[in-house]
Amino acid sequence: MPAGESFTDSERFEIDKAIRDAETMCRYEFSVYVGASQGETRPFAERLHAALIAPDRSVLVLVDPAARIVEVVTGVEARRVLDDPEVQLAVLSMQTAFAAGDLVGGIKRGVVQLAEHARRPRLLHGS
Amino acid sequence: MNHAPHSPHSPARRVARLLALTPAIAGVLLAGPAWASAPDSWESQPKVNLLYAVLLLGGIAAGLFVLISLLVVLPGMVHHESYQPALSWRGGPEWFGGPRGGVEGLDGAAGLEKLNDPAGLEGRDDVSRQAIPSAEDARDHADRGGASARW
């Protein structure tokens with residue numbers, strides 16, 4: 001298969017597994033869209049995010065390999081434990097891997113990193 | 001009284017130089033195979049064919065070279081590289097962990113275009129409006145967060 005064509009079955013399995021592991025880790029929903037974003041990326045990603053079953057508890061990762069854009073959308077609830085600077089760290093990690101040509105590895109790393117940030121235990125008491 | 005300086009080409013100096021080199025030259029010339037004969041208890045080895053020896057010794061080295069090269073190259077050949085930054089992505093959209101049926105499953109055919117243009121769904125009965133977020137729905141989630149980057 002020529003380079004840049006699509007994912008292999010094993011790559012799809014790896015991404016699926018990373019998503020399942022992330023959801024198990026933090027109890028939030030993860031979704032990864034890989035493909036062209038028609039129109040502006042952010043509104044398109046937000047619409048994809050809104051189409052998920054539980055958008056408020058979901059994190060959507062959009063990767064547009066042709067335009068070389070990665071976009072992460074976090075739901076309202078997910079954002080409470082996964083703030084934007086933490087998302088930016090995961091995006092940077094993915095960006096580095098994508099620039100090196102490791103699309104699958106970048107997606108896996110980014111999803112896991114997002115889940116690790118999102119599993120931060122909520123403080124039930126404080127000063 | 002003046003002493004004549006020793007010329008570097010004087011006979012004494014030449015002899016001294018030769019004598020200084022003699023042990024080194026003699027060591028090289030005399031160094032050779034041991035003259036001691038093999039003990040009688042040793043089995044007499046048959047003569048080894050020179051070609052056979054070269055093939056055996058060189059062949060093992062060459063074989064190891066080929067084997068190691070294959071071990072290095074083969075994983076890269078077998079492992080599928082589906083994406084290279086220098087090449088454009090030609091695969092279709094894939095949605096992992098998304099709605100059942102992916103983008104196309106949102107409303108049947110051409111879901112991607114409709115996802116970008118939900119206003120165009122007005123008056124359509126064959127479209128599942130529940131699955132497709134409208135622009136208003138998207139605005140309702142204005143508190144969403146996230147980040148983006150380019151590479």
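**Close-up 1. Helix H4(A) passes helix H5(A) in a right-handed crossing.** A crossing is called right-handed if the near helix is turned clockwise from the far one by less than a right angle, and left-handed if anticlockwise. This is a predicted model, in which local features need pLDDT of at least 70, side-chain atom pairs count only at pLDDT 80 or more, and totals for chains, interfaces and linings use all residues. Residues are numbered from 1 along each chain as its sequence is written, while chains are lettered from A and ligands numbered from 1 in the order in which they are written. Helices (H or I, at least four residues) and strands (E, at least two) are DSSP runs, numbered from the N terminus.

**Close-up 2. Here is how H4(A) and H5(A) pack.** Two packed helices are described by the angle between their axes and the distance between the axes. For H4 (residues 84–99) and H5 (residues 103–118) of chain A, the angle is about 165 degrees and the axes are 8 Å apart. H4(A) is therefore roughly antiparallel to H5(A). Axes are lines fitted to C-alpha atoms, for helices over the stretch in contact, and angles run from 0 to 180 degrees between N-to-C directions. Angles under 35 degrees count as roughly parallel, over 145 as roughly antiparallel, 65 to 115 as roughly perpendicular and the rest as oblique. Residues making the contact include Val87(A), Val91(A) and Phe98(A) of H4(A), and Gly106(A), Gly110(A) and His117(A) of H5(A). Two residues are in contact if their C-beta atoms, placed from the backbone, lie within 7 Å. The residues of this contact are 10 nonpolar, six polar and two charged. Here Ala, Val, Leu, Ile, Met, Phe, Trp, Tyr, Cys and Pro count as nonpolar, Asp, Glu, Lys and Arg as charged, and the others, Gly among them, as polar.

**Close-up 3. Helix H1(A) also packs with H5(A).** H1 covers residues 9–26 of chain A, and its axis lies 8 Å from that of H5(A), at an angle of about 5 degrees. The two helices H1(A) and H5(A) are therefore roughly parallel. Among the residues in contact are Ile15(A), Ala22(A) and Met25(A) of H1(A), with Ile107(A), Val111(A) and Ala115(A) of H5(A). By class, this contact has 13 nonpolar, no polar and five charged residues.

**Close-up 4. Two chains share an open sheet of five strands.** Follow the strands in the order E1(B)-E1(A)-E2(A)-E3(A)-E2(B), and you will find mixed pairing. Two strands pair if DSSP finds at least two bridges between them. At the edges are E1 (94–96) and E2 (145–150) of chain B, each pairing on one side only. From one strand to the next, the twist averages 10 degrees. Helices lie across this sheet too: H4(A) lies across E3(A) together with E2(B), at about 25 degrees to E2(B). H5(A) lies across E1(A) and E2(A), at about 160 degrees to E2(A).

**Close-up 5. Strand E2(A) has seven buried residues out of seven.** A residue is buried if 20 or more other C-beta atoms lie within 10 Å of its own, exposed if 12 or fewer, and partly exposed in between, with C-beta atoms placed from the backbone. Ser58(A), Leu60(A), Leu62(A) and Asp64(A) point one way from E2(A), while Val59(A), Val61(A) and Val63(A) point the other way. E2 (residues 58–64) pairs with E3 (residues 69–74) of chain A in the antiparallel sense over six bridges, and E1(A) pairs with E2(A) in the parallel sense, over six bridges. Look for Leu62(A): its bridge partner in E3(A) is Glu71(A), and Tyr33(A) stands opposite Leu62(A) as well.

**Close-up 6. Ser31(A) lies in strand E1(A).** With 24 C-beta neighbours inside 10 Å, Ser31(A) counts as buried. Ser31(A) and Ser58(A) are 27 residues apart along the chain, yet their C-alpha atoms are separated by 7.4 Å. Leaving aside neighbours within four places in sequence, the contacts of Ser31(A) include Leu52(A) and Leu60(A), along with Trp95(B) and Phe96(B) from chain B.

**Close-up 7. Arg27(A) and Arg68(A) lie in loops.** Most residues other than glycine have a negative phi. Arg27(A), in the loop between H1 and E1 of chain A, has a positive phi of about 65 degrees. With 12 C-beta neighbours inside 10 Å, Arg27(A) is exposed. Arg68(A), in the loop between E2 and E3 of chain A, has a positive phi near 60 degrees. Arg68(A) is partly exposed, with 16 other C-beta atoms within 10 Å.
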